[in-house]
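Welcome! Here is a short tour for someone meeting this structure for the first time. Have a look at the sequence and the model, then read on.

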Amino acid sequence: MKQNFLLDAVNSVLNQTLPRNEYEILVVKNFSDFDQYLESNGIYTYYTDAKATGEKVALGIDKSHGEILCFLDDDDMFLSNKLETVKMEFNADIAFYNNSKIFIDEQGKEIGRENKHRIEYSDKNIRTAKKFLSNMSFNLSSECIKRDIVDTDKLRYIGYSIDVVMAYFGLNSRGRLKIDEKPLTLLRLHSGNYFVYNRKYTLSEFIEKNRKDYEFGSKISERIKTNFKNTFVGKLAFLEYIADSFYFTIYDSTSLNNRLKALLLAIKYMNSAKDITSIKLVGASLLFLINPNLLYKKLYERYMKKVS
């Protein structure tokens, strides 16, 4: 399904207010459709059978020449002033940029807007770094980054959650990071991608979905933790890994072993970061130990409020 949106994505990058000779376009794909159209518009096309996003993004970066990299999933689009705005926002000390989004349906009709505030980060403090990340809604199509701070070997090894990895590259650099309230990306919500607009799961579906998501998330966060070990963001990556492991544990099983494991993980998190998250994890682990079904009920009710 996603390849049906590719020309929309490409045309949105072709129709920018920034002069065409100031940027290059590279498309990485695993099918031959639209090759003639892409070539006729001066677009470089590269093929790969790689499944992991990290492999595909790394290939595109290795083949590119620009100092600033912007990414676009094939089912999303840029607004016409995206690249011109990015050029103005980036200066000598900006390392990473994240813009706001407009949500559209499969036909391209607007169905909502992200509510962001302009935030900048530069102080290399773990607590404020966590706060900065908590204000981001991760999506690769909304991210731009300085080329020279990206390690493509890390992208290939980690494989997935590349939008998170890009933010980590930014945090680990000497530059500033910026979240911008300006909507510059059209994010398409459809049944074929991760985002399903207002999808309402039953309680059992909710538990199973979270079990799968956090199982996958804990594997990826462990790779991120390993790759950023002994760096500024190493502790952040470690905390993310503990949190993902915690939630996988509670959604995986209500066995006594898992209830005790969740408590130990919450304590481990608290020993590393005495913040509001650690308090929430300890509280959730105690409730999980005493009454797992009540914890599921509370988590499910919170989820239902978000999608109602």
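In which loop is asparagine 230 found? Asparagine 230 sits in the loop between helix 8 (203-227) and helix 9. Please keep in mind that this is a predicted model.

**Two residues with positive phi**

- As background, most residues other than glycine have a negative phi.
- Asparagine 230, in the loop between helix 8 and helix 9, has a phi near 65°, which is a positive value in a residue other than glycine.
- With a relative accessibility of 75%, asparagine 230 counts as exposed.
- Lysine 124 also belongs to a loop, the one between strand 7 (119-121) and helix 5 (126-134).
- The phi of lysine 124 is near 55°, a positive value in a residue other than glycine.
- Lysine 124 is partly exposed, its relative accessible area being 29%.

**The buried face of helix 4**

- Helix 4 covers residues 82-89, and its residues Lys82, Leu83, Thr85, Val86 and Glu89 are buried.
- Looking down the axis of helix 4, you would find these buried residues within an arc of 160°, so they line one face of the helix.
- What do the buried residues of helix 4 pack against? Their partners are helix 1 (6-14) together with strand 3 (68-70), strand 4 (77-78), strand 5 (94-104), strand 8 (143-146) and strand 9 (176-188).

- Two packed helices are described by the angle between their axes and the distance between the axes.
- *Helix 9 and helix 11.* The axes of helix 9 (residues 234-252) and helix 11 (residues 276-290) come within 12 Å and cross at roughly 20°. That angle makes helix 9 roughly parallel to helix 11. Their crossing is left-handed. Helix 9 brings Phe246, Tyr247, Thr249 and Ile250 to the contact, while helix 11 brings Leu281, Ala284, Ser285 and Phe288. By class, the residues in the contact of helix 9 with helix 11 are six nonpolar, two polar and no charged.
- *Helix 5 and helix 9.* For helix 5 and helix 9, the packing angle is about 55° and the axes are 10 Å apart. Helix 5 and helix 9 are therefore oblique to each other. The crossing of helix 5 with helix 9 is right-handed. On the helix 5 side, Ile126, Ala129, Lys130 and Leu133 meet Lys235, Leu236 and Leu239 of helix 9. Sorted by class, the contact of helix 5 with helix 9 has five nonpolar, no polar and two charged residues.
- *Helix 8 and helix 12.* Helix 8 packs with helix 12 (residues 292-307) at an angle of about 95°, and their axes are 10 Å apart. Helix 8 and helix 12 are therefore roughly perpendicular to each other. Leu203, Phe206 and Ile207 of helix 8 meet Tyr296, Leu299, Tyr300 and Tyr303 of helix 12. The residues in the contact of helix 8 with helix 12 are seven nonpolar, no polar and no charged.

**Single residues to look up**

- *Isoleucine 179.* This residue is part of strand 9. Is isoleucine 179 buried or exposed? Isoleucine 179 is buried, and its relative accessible area is 0%. Apart from neighbours within four places in sequence, isoleucine 179 is in contact with Asn98, Lys116, His117, Arg118, Ile119, Phe132, Asn135 and Met136. Isoleucine 119 is 60 residues away from isoleucine 179 along the chain, and their C-alpha atoms are separated by 5.0 Å.
- *Asparagine 258.* You will find asparagine 258 in helix 10 (residues 256-272). Asparagine 258 is buried, with 10% relative accessible area. Not counting residues up to four places away in sequence, asparagine 258 touches Thr249, Asp252, Ser253 and Phe288.
- *Valine 282.* Helix 11 holds valine 282. Valine 282 counts as buried at 18% relative accessibility. Beyond its neighbours within four places in sequence, valine 282 is in contact with Ala266 and Met270.

Terms used. Residues are numbered from 1 along each chain as its sequence is written. This is a predicted model: local features need pLDDT of at least 70, side-chain atom pairs count only at pLDDT 80 or more; totals for chains, interfaces and linings use all residues. Side-chain values use heavy atoms; hydrogens and water are left out. Buried means under 20% relative accessible area, exposed over 50%, partly exposed in between (1.4 Å probe, protein chains only). Helices (H or I, at least four residues) and strands (E, at least two) are DSSP runs, numbered from the N terminus. The arc is that of the directions from the helix axis to the C-beta atoms. Contact means heavy atoms within 4.5 Å. Axes are lines fitted to C-alpha atoms, for helices over the stretch in contact, and angles run from 0 to 180 degrees between N-to-C directions. Angles under 35 degrees count as roughly parallel, over 145 as roughly antiparallel, 65 to 115 as roughly perpendicular and the rest as oblique. A crossing is left-handed if the near helix is turned anticlockwise from the far one by less than a right angle, and right-handed if clockwise. Ala, Val, Leu, Ile, Met, Phe, Trp, Tyr, Cys and Pro count as nonpolar, Asp, Glu, Lys and Arg as charged, and the others, Gly among them, as polar.
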